[in-house]
Amino acid sequence: MKHRKIGNVMTDDVVRVGSGASPHEVRELLARHRIGGLPVVDEDEKVVGVVSGADLRTGSAARTAGQLMSRPAVTVRPQDSVVDAARTMARHGVERLPVIDEEDRLVGIVTRRDLLGVFLRPDHEIRAEVIDEVLVRSLWLLPHAVDVTVTDGVVRLEGQLERHSEVPIAVRMTGQVDGVVAVVDRLTYRVDDAAPLSGAPAADQGQVADRGRGRNGGPGSSR
């Protein structure tokens, strides 16, 4: 399971300015498009910085966007995950990230709001992805082999799998679906394929595996 990529959520029609644009031009663009900031690019469309409304307020002596902008620009690439982008935003305290290609040219922009749209997914979308990507495509189960319910991002898995070893796989992969807050494990198994061949007795078949385990394998159902 892989988290959704920036290329799937970014805006590719990006408002931008050259480094020689005047503060007045920057201010007009921000007001016209109702945005808080925009990338500054050079003649090759390579991102050289980002200018925001805050830069305009604090850079009253600046005559160009190049003098106003914050640099170097904090950027991401289309193949980066939304999780990585969210961490980058938090680490640098920024609200938007220009998206660049292999040659550092501007191809899009992603904002905090874009990322929240992924993490605040409707429960029915999360449920559909768990069934399709985890149960059917990864574990090769029938869609209704496991009862999947989702409430405010908390996924509850209930039912019987064929093998003990499939239980942690199902729980872990469910936890990796974008928008999942926690996973409540109510899965059982028919065959204990993890039981030793000799020595200690095998666990009873059909036992419940780690009830109430969260996404990270710890107790409870929250992060």
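Modeller: Happy to! Gly-20 counts as exposed, with 59% relative accessibility; on this scale exposed means over 50% relative accessible area, buried under 20%, and partly exposed in between (1.4 Å probe, protein chains only). This is a predicted model, where local features need pLDDT of at least 70 and side-chain atom pairs count only at pLDDT 80 or more, while totals for chains, interfaces and linings use all residues. Residues are numbered from 1 along each chain as its sequence is written, and side-chain values use heavy atoms, with hydrogens and water left out.

Gly-20 sits in the loop between β1 (17–18) and α2 (23–33). Helices here are DSSP runs of H or I with at least four residues, strands are runs of E with at least two, and both are numbered from the N terminus.

Now for a contrast in burial: helix α8 (residues 166–175) has 7 of its 10 residues buried, so the rest of the structure largely encloses it. Among the buried ones are Val-167, Ala-170, Val-171 and Met-173. The buried residues of α8 pack against α7, β7 and β8, where contact means heavy atoms within 4.5 Å.

Take α7 (residues 123–138): its axis comes within 10 Å of that of α8, and the two cross at roughly 145 degrees. Axes are lines fitted to C-alpha atoms, for helices over the stretch in contact, and angles run from 0 to 180 degrees between N-to-C directions. Val-130, Val-134 and Ser-138 of α7 meet Ala-170, Met-173 and Thr-174 of α8. By class, that contact has 4 nonpolar, 2 polar and no charged residues (Ala, Val, Leu, Ile, Met, Phe, Trp, Tyr, Cys and Pro are nonpolar; Asp, Glu, Lys and Arg are charged; the others, Gly among them, are polar). An α-helix has 3.6 residues a turn, so residues three or four places apart point the same way.

As for the strands, β6, β7 and β8 form an open sheet in that order, with mixed pairing; strands pair if DSSP finds at least two bridges between them. β6 (147–151) and β8 (182–191) are the edges, each with a single partner strand, so one side of each lacks a neighbour in the sheet. Strand β7 (residues 154–163) runs parallel to β8, joined by 9 bridges. Finally, α7 lies across β6 and β7, at about 150 degrees to β6.
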